[in-house]
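Thanks for coming. I will go through one model today, starting with a sheet and ending at a loop. Please have the chain on your screens.

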Amino acid sequence: MRISVIGCGYLGVVHAAAMAELGHQVVGIDVDAVKIARLDAGLPTFFEPGLPEILASSIASGRLRFTTDVSAVSEAEVHFVAVGTPQTAGSDAADMTFVDAAFSSLIAHVKPGDLIVGKSTVPVGTAARLAEQIAASAPDVTLAWNPEFLREGFAVQDTIRPDRLVYGVPDGAAGERAARILDEVYAATVAAGTPVIVADYATAELVKVSANAFLATKISFINAMAEIAEATGADVTKLADAIGHDNRIGRRFLNAGVGFGGGCLPKDIRAFSARARELGKGEAIAFLDEMDKINLRRRARVVELVSDALGGDVTGKRVAMLGLAFKPHSDDVRDSPAIDVALRLTEEGAHVVATDPQAIESARLRAPHLTYVSSAEEALRDADAVVLVTEWPEFVALDPVDTAAIVAGRRIVDGRNSLDPAAWRAAGWQYAGLGR
Ligand code: UDX
């Protein structure tokens with residue numbers, strides 16, 4: 001099939017390359033000329049395992065190209081809109097500027113019979129509003145809403161083999177045709193047994209935000225238990241293992257620590273709350289505001305633990321920060337707990353020396369005044385305290401005995417509860433986790 005993808009950020013690039021990998025003819029479009037030049041040369045603009053390979057093979061086969069010229073959509077009959085919906089400055093609501101601009105420019109170039117497919121995460125009600133706009137200027141064009149659920153670090157696999165496909169379509173023949181076209185786009189995925197849920201627009205939009213709200217709630221729930229564990233001497237990691245054995249609960253997403261960050265969960269739960277308030281239903285999901293607060297409290301708690309380890313004052317102390325990305329296998333530092341912790345410690349007078357296998361460059365753009373070094377060993381050398389904030393395998397695998405030999409003070413705060421406290425204590429370390 002001939003496909004266009006508008007917006008070549010995280011979601012758009014992975015989607016475009018994955019669609020080409022599935023055998024479609026794809027053009028990726030973005031207003032950012034620098035980004036497009038890089039992508040068209042086969043160079044990803046961010047770190048994502050597996051992406052460089054499929055980008056290179058799709059470009060080499062001639063199935064994928066990138067352009068800044070939106071009129072290229074006329075080469076395609078299915079158009080995915082994958083632009084960002086960041087948090088609006090000074091408000092919790094999603095900023096719809098990019099979605100609205102993408103639709104306006106796209107609508108000017110579509111042909112009768114084309115299908116537009118929204119992938120961006122949007123406030124519920126957006127698809128219905130955009131469908132009206134399409135009906136007014138391009139009446140023979142249908143809109144579908146097909147949310148994505150990709151996790152950074154597994155984005156390619158999540159796009160080609162997602163847990164489920166959700167198609168939000170209008171009622172009647174146009175909706176049935178849209179679902180058939182999407183089945184054809186995802187033929188290989190559907191043939192592999194991926195469940196397909198066909199729904200109305202509002203349901204499709206809500207599936208996405210409620211899935212993220214549930215995941216954020218699960219993480220904040222266990223972090224709330226960590227707070228109670230801290231007050232009682234209980235161990236939240238054992239508690240998570242024990243409740244996780246109940247199939248109704250499940251162990252995944254019950255890792256207590258410094259909490260969630262990234263370009264999705266934090267802004268999506270805030271935008272969901274803002275939208276619910278607009279709908280007069282703020283009360284229904286008021287608990288999400290509490291989840292946000294629990295999450296942010298954990299960052300403050302890590303700073304407090306570092307300070308406690310250093311006798312209550314971090315001034316002039318050298319703190320080795322292991323991790324900058326919001327999670328391992330990513331170079332993304334958007335709303336990263338690590339950056340937040342580093343900035344707070346710096347504000348309190350500590351000299352933070354940070355490292356990350358992938359995220360130093362992106363962190364430098366956000367926090368230029370921090371000290372960055374390219375290896376854990378350099379960060380650890382002469383450190384008065386160590387804080388692990390992103391559980392990259394190489395940090396988790398650090399040997400407590402070898403590490404003890406290079407630091408100035410054996411104090412470690414395990415912001416992800418991913419180290420073995422007994423092994424670190426046995427090597428003479430003062431160990432502090434969250435809720436254990
Ligand atoms: C998330 C959703 O998982 C994905 O379905 C959606 O499409 C986009 O948002 P992502 O942001 O890539 O994906 O990261 P995810 O793996 O969900 O982790 C989010 C954050 O939660 C990370 O900061 C991670 O460290 C944290 N986390 C995750 C925990 O603190 N504890 C856990 O048990 C799990």
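Which residue in β14 is the bridge partner of R411? It is Q430. Before I go further, this is a predicted model, in which local features need pLDDT of at least 70 and side-chain atom pairs count only at pLDDT 80 or more, while totals for chains, interfaces and linings use all residues. Residues are numbered from 1 along each chain as its sequence is written, and side-chain values use heavy atoms, with hydrogens and water left out.

A word on terms. Helices (H or I, at least four residues) and strands (E, at least two) are DSSP runs, numbered from the N terminus. Two strands pair if DSSP finds at least two bridges between them.

Now the sheet. It is open, has 6 strands in parallel pairing, and reads β11-β10-β9-β12-β13-β14 in order. β11 (371-372) and β14 (430-432) are the edges; each has a single partner strand, so one side of each lacks a neighbour in the sheet.

Going through the pairs, β9, residues 318-322, runs parallel to β12, residues 385-388, over 4 bridges. There, L322 has L388 as its bridge partner in β12. β12 and β13 are joined in the parallel sense by 3 bridges, and V387 is partnered by V413 in β13. β13 and β14 are also parallel, over 3 bridges. Between them comes helix α18, residues 421-426, and β13, α18 and β14 form a right-handed β-α-β unit. Right-handed here means that, with the strands pointing away from the viewer, the path from the first strand over the helix to the second runs clockwise.

Next, the helices on the sheet. Contact means heavy atoms within 4.5 Å. Axes are lines fitted to C-alpha atoms, for helices over the stretch in contact, with angles from 0 to 180 degrees between N-to-C directions. Helix α12, residues 287-309, lies across β9, β12, β13 (411-414) and β14, at about 165° to β13. Helix α13, residues 337-347, lies across β9 and β10 (351-355), at about 175° to β9.

Buried means under 20% relative accessible area, exposed over 50%, and partly exposed in between, with a 1.4 Å probe and protein chains only. A nonpolar core is a set of buried Ala, Val, Leu, Ile, Met, Phe, Trp, Tyr and Cys residues joined through side-chain atoms within 4.5 Å. The largest one has 52 residues, and V306, M321, L322 and L345 have the most contacts inside it. α13 gives the most to this core, 5 residues. Leaving aside residues up to four places away in sequence, L345 touches V303, V306, V314, V319, M321, A350 and V352. Apart from this core lies another, of 40 residues, including C8, V14, V26 and F80.

On to helix α1, residues 10-21. Of its 12 residues, 11 are buried, among them Y10, V14 and M19. Just after α1, G23 has a positive phi of about 105°.

There is one more parallel pair to show: β7 and β8, residues 196-199, over 4 bridges, with L165 opposite V196 in β8. From β7, residues 165-168, L165 and Y167 point one way and V166 and G168 the other, and all are buried.

Last, the loop. C264 sits between α10 (236-244) and α11 (265-278). Is C264 buried or partly exposed? Partly exposed, because its relative accessibility is 30%. Its C-alpha atom is 8.6 Å from that of P86, 178 residues away along the chain.
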